[in-house]
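Please look over the sequence and the model shown below before reading on. The paragraphs that follow lead from a single residue to the wider picture and then back to some individual places.

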Amino acid sequence: MSRPGFLLSAWPWRAAAYLLTGTVTGIATLLGIVTVSAVCGALAVVLVGLPLLVVVALSGIPVAWVERRRLRLIDRNPASGWHQVPAAPGLWAWLTTRLRERGTWRELGYALLFAGLLWPLDALAITVALLFPLSMVATPLLMAAVGDGHEVKVLKQWTVTTWPTAFGVAVLGLILMGLGAYVLGATAGARAELARLLIASREGELGAEVLELARSRARLVNAFDAERRRIERDLHDGAQQRLVALTMALGLARLDAPPGPLADQLAKAHEEAGKALAELRELVQGIYPKVLTDYGLHAAVSDAADRCVVPVDVDLELPGRPAEPVESAAYFVVCEALANVAKHSGAGRAQVSGGHRDGRLFLEVRDDGCGGADPSAGSGLTGLADRVSVLDGRLALTSPPGGPTLLRVEFPCELTTAADRSG
């Protein structure tokens, strides 16, 4: 409502539609409650006690169902109900579940409030903020309909006998319609908020927000992985190839140069270019290894184990490949764990094992070092744990003082074969 284009948007009309349908629905609810009460009163001799209570208690459910769908007129956020799925099929299980729920009684209270108080307020807002200004805007049309020299009553109060007065009343009606649009918006917003408070489940809204948050985090992880791959390709196909060409050119120039200071400088430059190429290759390998993309997790972990300064035994049993986000997260967890083994553990040997069982990929990294690892001390595992949690995985670290240290990570996932990926 604070936006400049509110009056020209569809929201004033959506608010009017919400209040108008609220009036119609409220009248229908009142007639339904009166009818149910009359029928129950007529059958009170037969239906006494629990059957009568069941009929009355469940009468609010259809009203709340309609109201939650009417909220879509002015509220883009979906409203979910309080009701739970019955534990067993059948009418009896459904009835017992509904009668035990707090939401059923809240909906009954809302239906009674709606039928007795809320719909008259909706009708009053529509009449004052929309119908009265519209009748004023229509004054010139009424004058034209009755002919010249005849008087027209405006709102059954003011008599209009001249055309200038009729057009003045119409202009005043347009101004009041603009003000009435804000009245309609405010009234409809308050009504919708009250309805959401009484008949919409806050837990359901929070669940939807949590689901959307989890999806957004997963999208960020996928975007991050895609960016890593792009950087790896750019470095591999661009800077690395240029360094290779530079190293070869320096090597050839070194061979052609006569012995002396120039040859010594070329030899030094050739050696530095070789070191830069090696560092760049190591950087590219750390960003996103090509072996992971081409050959999968088993080959990438074996390659990381070969490059570790501590001897590492690899025992992985993977009949297929997990999804790319899971595969990437699992690989970098293993790499970070092996880096910590090499830097901090003082271990003489490490082992990486894992497999896939019961719909979960699990990996374990063990070492025979001194233990006492603390994830909060800057080991890098905290960030990896956050990344694992985005994929609904779990990361656990056991590292008592004196060792050994065990890092275990699990991901819920299914494995696919090479034929599945290519298809």
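Is Y331 buried or exposed, judged by its relative accessibility? With a relative accessibility of 1%, Y331 counts as buried, where buried means under 20% relative accessible area, exposed means over 50%, and partly exposed lies in between, with a 1.4 Å probe and protein chains only. This is a predicted model, in which local features need pLDDT of at least 70 and side-chain atom pairs count only at pLDDT 80 or more, while totals for chains, interfaces and linings use all residues. Residues are numbered from 1 along each chain as its sequence is written, and side-chain values use heavy atoms, with hydrogens and water left out.

Consider the protein as a whole. It has 14 helices and 7 strands; these are DSSP runs numbered from the N terminus, with helices being H or I of at least four residues and strands being E of at least two. Of the 423 residues in the protein, 36% are buried. The accessible surface comes to about 24,100 Å², and 64% of it belongs to carbon and sulfur atoms; such areas come from the Shrake-Rupley method with a 1.4 Å probe, and for residues only the protein chains shown count as cover. Among contacts (heavy atoms within 4.5 Å) with a separation of 6 or more, 71% are between residues 24 or more positions apart.

In helix α11, which covers residues 297-307, the residues L297, A300, V301, A304 and A305 are buried. Seen down the axis of α11, these buried residues fall within an arc of 140°, so they line one face of the helix; the arc is that of the directions from the helix axis to the C-beta atoms. An α-helix has 3.6 residues a turn, so residues three or four places apart point the same way. The cover over the buried residues of α11 includes the helices α10 (290-295) and α12 (324-345), together with the strands β3 (312-317), β4 (350-357) and β5 (360-367).

If residues up to four places away in sequence are not counted, L297 touches L292, L318, E327, A330, Y331, L361 and L363. In soluble globular proteins, nonpolar side chains tend to be buried together.

The aromatic rings come next. The structure holds 3 aromatic pairs, where rings of Phe, Tyr and Trp (its six-membered ring) pair if their centres lie within 6.5 Å, and planes under 30 degrees apart count as stacked, over 60 as edge-to-face and the rest as tilted. Y110 and F114 form a stacked pair, with 5.8 Å from centre to centre and 25° between the planes. These two residues are 4 residues apart in helix α5 (residues 102-137), and are thus separated by about one helical turn; Y110 and F114 are both buried. The rings of Y331 and F332 have their centres 5.2 Å apart and their planes at 70°, so this pair is edge-to-face. F332 counts as buried, at 10% relative accessibility.

The charged end of R14 sits over the ring of W11, 4.6 Å from its centre, and the charged end of R70 sits over the ring of Y18, 4.3 Å from its centre.

S353 lies in strand β4 and counts as buried, at 13% relative accessibility. Leaving aside neighbours within four places in sequence, S353 is in contact with D315, L316, F362, L363 and E364. D358 is found in the loop between β4 and β5, where it is exposed, with a relative accessible area of 74%. Phi of D358 is near 55°, a positive value in a residue other than glycine. D392, in the loop between α13 and β6 (394-398), has a positive phi of about 60° although it is not a glycine, and it counts as exposed at 58% relative accessibility.

Notes
Lys NZ or Arg CZ within 6 Å of the ring centre and 35° of its normal.
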